[in-house]
Each structure stands twice: as structure tokens, then as C-alpha cells.
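Student: I am new to this structure and would like to work through it by questions. Please show it before we start.

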Amino acid sequence: MTLNEPKLGGARDAAGLGDAGTYHSDLTPQERLGLLAAALELERSRDEVRYLEIGILAGATIKYLRDNTTRLRFTGIDLFEDFESASDNTHMSATFKQADVQRALGSSVRLIKGDSREVLREMGDGQERFDL
């Protein structure tokens with residue numbers, strides 16, 4: 001298998017995610033490969049693996065996993081255009097429109113706009129579970 005490796009650095013434009021190899025990630029190579037290894041291991045024993053990402057920025061991590069796996073089903077939670085930057089962010093931060101990210105990732109990726117604390121509470125009430 002040939003990995004579709006993202007370029008390191010900040011995502012500048014969600015529209016650019018549509019071109020293979022042009023997306024960006026704030027994950028280190030070790031973090032990316034560790035995440036991919038966990039996903040591939042789960043795929044070996046399950047028909048479907050449910051992946052949840054909180055704070056997806058422009059969606060590069062989801063795109064990377066989508067390009068390198070076959071049975072992951074993706075859900076991403078983000079504030080999107082409602083995000084307000086703060087000085088205590090632990091990762092890169094930027095604002096992307098949900099519609100632009102959805103267009104770049106495709107309709108098979110479920111994106112939810114909202115505060116993750118509230119969205120996760122609602123998901124828990126519905127007994128929704130994720131593997132990764």
C-alpha cells in the first residue's frame with residue numbers, strides 16, 4: 001500500500017482538500033502513522049469502524065484516513081465559522097466554513113456544527129458509539 005501523505009503545515013484553504021496530496025495537517029508524522037495503525041488494526045476485525053474527530057479544522061486528518069483506509073465511517077464535530085481563536089489553543093486554529101469542508105470531504109463524511117460538549121451529550125443520549 002502506498003500512503004497518501006499530507007504536507008505538514010497549516011491548512012489554508014478547505015477547497016484545496018479536494019486535490020490528492022495538497023491537504024495539510026498539524027499532526028506529526030508519528031501521530032499520523034499511529035492513528036492510521038490503530039485504524040487499520042480495527043479494520044482487520046470489523047466490518048465497519050466508526051471514527052470521531054473533535055475540532056477538524058479543514059478536515060485534513062479525516063481526508064488522510066479516508067484515503068488510506070477502506071472501512072472507516074467518519075464523523076467530525078467543529079464550530080466551523082463560529083470558532084473564535086484563543087491564545088490557549090493547543091493545536092493550529094483557523095476558521096473554515098462547514099459547507100466548504102463538506103464539499104472538500106464529500107457527502108460520505110458526516111459533519112456536525114456545534115460545541116462538542118453539547119453535541120457529545122446529545123450523542124450519548126442516543127447511545128451513539130465510536131471506535132476511534
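Student: What is the relative accessible area of R73?
Tutor: This is a predicted model, where local features need pLDDT of at least 70, side-chain atom pairs count only at pLDDT 80 or more, and totals for chains, interfaces and linings use all residues. Residues are numbered from 1 along each chain as its sequence is written, and side-chain values use heavy atoms, with hydrogens and water left out. Buried means under 20% relative accessible area, exposed over 50%, and partly exposed in between (1.4 Å probe, protein chains only). R73 counts as partly exposed, because its relative accessible area is 39%.

Student: Which residue does R73 meet in a salt bridge?
Tutor: A salt bridge is a side-chain nitrogen of Lys or Arg within 4 Å of a carboxyl oxygen of Asp or Glu. For R73 the N to O distance is 3.5 Å. The pair links distant parts of the chain, 25 residues apart, with R73 in strand 4 and its partner in the loop between helix 1 and strand 3. That partner is E48.

Student: Which elements does the chain hold, and in what order?
Tutor: Helices (H or I, at least four residues) and strands (E, at least two) are DSSP runs, numbered from the N terminus. The chain has four helices and five strands. From the N terminus on, they run β-β-α-β-α-β-α-β-α.

Student: How many salt bridges are there?
Tutor: Side chains of opposite charge can pair when their charged atoms come close. One of the bridges joins R117 and D115, with the closest N and O atoms 2.7 Å apart. There is also a network of salt bridges that links R50, R110 and E128. The count comes to nine.

Student: Is R117 buried or exposed, and at what relative accessible area?
Tutor: D131 is partly exposed at 32%, and R46 is partly exposed at 32%. R117 counts as exposed because its relative accessible area is 59%.

Student: What is the geometry of the aromatic pair?
Tutor: A search of the whole structure finds one aromatic pair. Its rings are those of Y51 and F74, at 5.7 Å centre to centre and with 70° between the planes. Rings of Phe, Tyr and Trp (its six-membered ring) pair if their centres lie within 6.5 Å; planes under 30 degrees apart count as stacked, over 60 as edge-to-face and the rest as tilted. The pair is edge-to-face.

Student: How many residues apart are Y51 and F74?
Tutor: Y51 is buried, and so is F74. Y51 is in strand 3 (residues 49-54) and F74 in strand 4 (residues 72-78). The pair links distant parts of the chain, and the two are apart by 23 residues.

Student: Over which ring does R50 lie?
Tutor: A charge sits over a ring if NZ of Lys or CZ of Arg is within 6 Å of the ring centre and within 35 degrees of the ring normal. The charged end of R32 sits over the ring of Y64, 5.8 Å from its centre. R50, at 4.9 Å from the ring centre, lies over the face of F130.

Student: How many residues of helix 2 are buried?
Tutor: Helix 2 (residues 60-68) is mostly covered. Its buried residues include A60, I62, Y64 and L65.

Student: Which residues does L65 touch?
Tutor: Contact means heavy atoms within 4.5 Å. Residues up to four places away in sequence are not counted. L65 then touches L35, L36, A39, Y51, L72 and F74.
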